[in-house]
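Thanks for coming. I will take a few minutes on how two parts of one chain meet. Please look at the model first.

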Amino acid sequence: MNDSAVPTPGPDRDMVDAVVVGAGPRGVSVLERLVARVVPGDRPLRTVLVDPYPPGAGRVWRRDQPPQLLMNTMVADNTVFPDGSVRLDAPVDTGPTFSEWLRGIAGKDHPEPTAAEFAARADDRHYAPRRVYGAYLTDALDRIRAAAGDRIRIAVRTAAVVRVTPLAAPAGSSGTPAGYEVVLDDGDRLAARAVVLATGHLDAPAAPPRREPLHLPGGHPTDYALDDIAPRARVLLRGGGLNAFDVLALLTLGRGGRFGEHGYTPSGREPRIWITSRRGVPFHARVDAPEVTAPVAFLTPGRVSALAARDRLDFRAEVLPLLLADLELAWYDRVLKLHPDQLPDPGALRRALAEPPGPDRDTALRAAAPAALRLDLDAVAEPLRGRSFAHSAELQAWWAGYLDADVAAATDPRVPPPAALAVAVRQARPALRTLITAGNLSGESYRRDVLGWLNGFANFVSGGPPALRIRQLRALLDAGVVRLLGPVRPGTRGESAVVAGLSVRPDAVIDAWLPGTDVTTEGPGVIRRLLADGLARPHRLASDATDAQPLPTGALDVRPADGRVRRPDGTAHQALFAVGVPLEGVRWTTAIGARPGTNADFFHETDRVATELLRAVGPPERRHAAAPAAP
């Protein structure tokens, strides 16, 4: 919808105070923090929220997407409002969590029928359709606008922002820009004293699908031209993450297939799908055990603080051994609790776990744990490493057992060692985020250790789909709808690296992943346009090599303390801010939303930006006394 209160710049129109670009969760959160922090003044603060998709839900959570697309976190793990755990010097508890909202609409009429139906049957451990979370975000935005009262006027524009440029400083001023001009794709232009970029994932260059065979490049699942794939067509699905499971749901449930007590009943409209990925298998089922924690002995708060204070940090040499030692501790803690009778000497295993990381510890662990109970992280990360199969049927039989074991581990209330490993990986994220965002990694270490290993390993082990999706995948295998190709041989597209002679000549190839965050690549969007216009720069980390140029991380460079966008010379814009996914190299795991009860970094980021925005644009009675953070 368009709000008639949105002004257009011109001699007869005043500029607004702020434009928030992006109406997804972070854009909504920035508005919520503005409402929480602003105090009454002589006039209301005027703010415009701009997004080409419906406000609140944004692109990822929009309410017109198929109900087969599910969230990958439980109902209980989602909120867009800060709670009492979030340590801020401003009001919190300003709205309901997702779980509280669902309980509030259960049994009542709601404009989104899918939300009403889901609320009537769901509990905190269910996984909601994404469109239901979109309804929550839409309601949250309505609540925020109502709470703003006469302190903030929040207008909404349904359009895409294509460019942001500084307005010329008034004659006789000190040269500080008067604000920014925000250019929309419908031709309108807004003038604003401040701009917040909350744009989410970067778009890939627009390109039509390639033919012969049909090739659908990576993107949002609802953007794939799946209708172009004929029933019974041979499809090579490349990718094992959440996008791949979304595509599977759209090509099966979305075409009339049904999952039931006895497996999958095809509609006859499904293609024949071969799955491949770098590891050869899809991500593990998500382990949801909110009451379970893993022991930590190495990545302790004290060690993390000391490492973060270093001038230079080598992740592989100084952080990875501590992380792996804690992962071993989590695994063997469950071995000791669940399988003590299978250990030759439980005391020897406990003593080995107390050893510091190093060769002596490795030797002691191998001696204390029998092979069947031993943690092999290389095998966890590469399940098909060193394996080969005589024919495809043998590979499919292995995969069936692998999927069964994965579901069993993820859903076992005793939390077996593989599940404890996933819990430990997820639990380590705050410590790892502190170290990665301290800014003392070299560019080489960031690329090699974080982008090249940690992100993939952590997502594979702990960031996968609900166990329901793995059960469905198993049923699709039994029904003959999907087959595993495994990793492909280097230099080929469809030749299996684990089954000699197995090769697929697909009718369609789907790259089931979102493009990585890299503002330096070609593509559309206001972030890349800022760089092209010379108003911003990519984030870089110093190189290990003497006199070498710093290496880009892929992120937009901002001042970490407040999210102000940096110009090419390193100075920061006074009132141009950015939050979220485009800052992935400055921050870490920016695509992860806020979990209730965890003092989520999500809210600290949006609150800092809201605070600094008010400082930059508010009249004297609304300004904070403190000066902006130093560059």
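The chain splits into domain 1, residues 16-203 + 519-617, and domain 2, residues 301-385 + 422-457; these bounds come from an automatic or database domain assignment. This is a predicted model, where local features need pLDDT of at least 70 and side-chain atom pairs count only at pLDDT 80 or more, while totals for chains, interfaces and linings use all residues. Residues are numbered from 1 along each chain as its sequence is written, and side-chain values use heavy atoms, with hydrogens and water left out.

The C-alpha centres of domain 1 and domain 2 are 34 Å apart. In the contact, meaning heavy atoms within 4.5 Å, domain 1 supplies 16 residues and domain 2 supplies 17 residues.

Now the area. Between domain 1 and domain 2, about 1500 Å² is buried, and carbon and sulfur atoms give 52% of that. Buried area here is the accessible area (1.4 Å probe) that two parts lose on being put together, summed over both. On the domain 1 side, Leu541, Asp544 and Trp588 lose the most area to domain 2, together 45% of what that side buries.

Arg433 forms a salt bridge with Asp601, with the closest N and O atoms 3.3 Å apart.

By class, the side of domain 1 that touches domain 2 has 8 nonpolar, 4 polar and 4 charged residues. Nonpolar means Ala, Val, Leu, Ile, Met, Phe, Trp, Tyr, Cys and Pro; charged means Asp, Glu, Lys and Arg; the others, Gly among them, count as polar.

Notes. A salt bridge is a side-chain nitrogen of Lys or Arg within 4 Å of a carboxyl oxygen of Asp or Glu.
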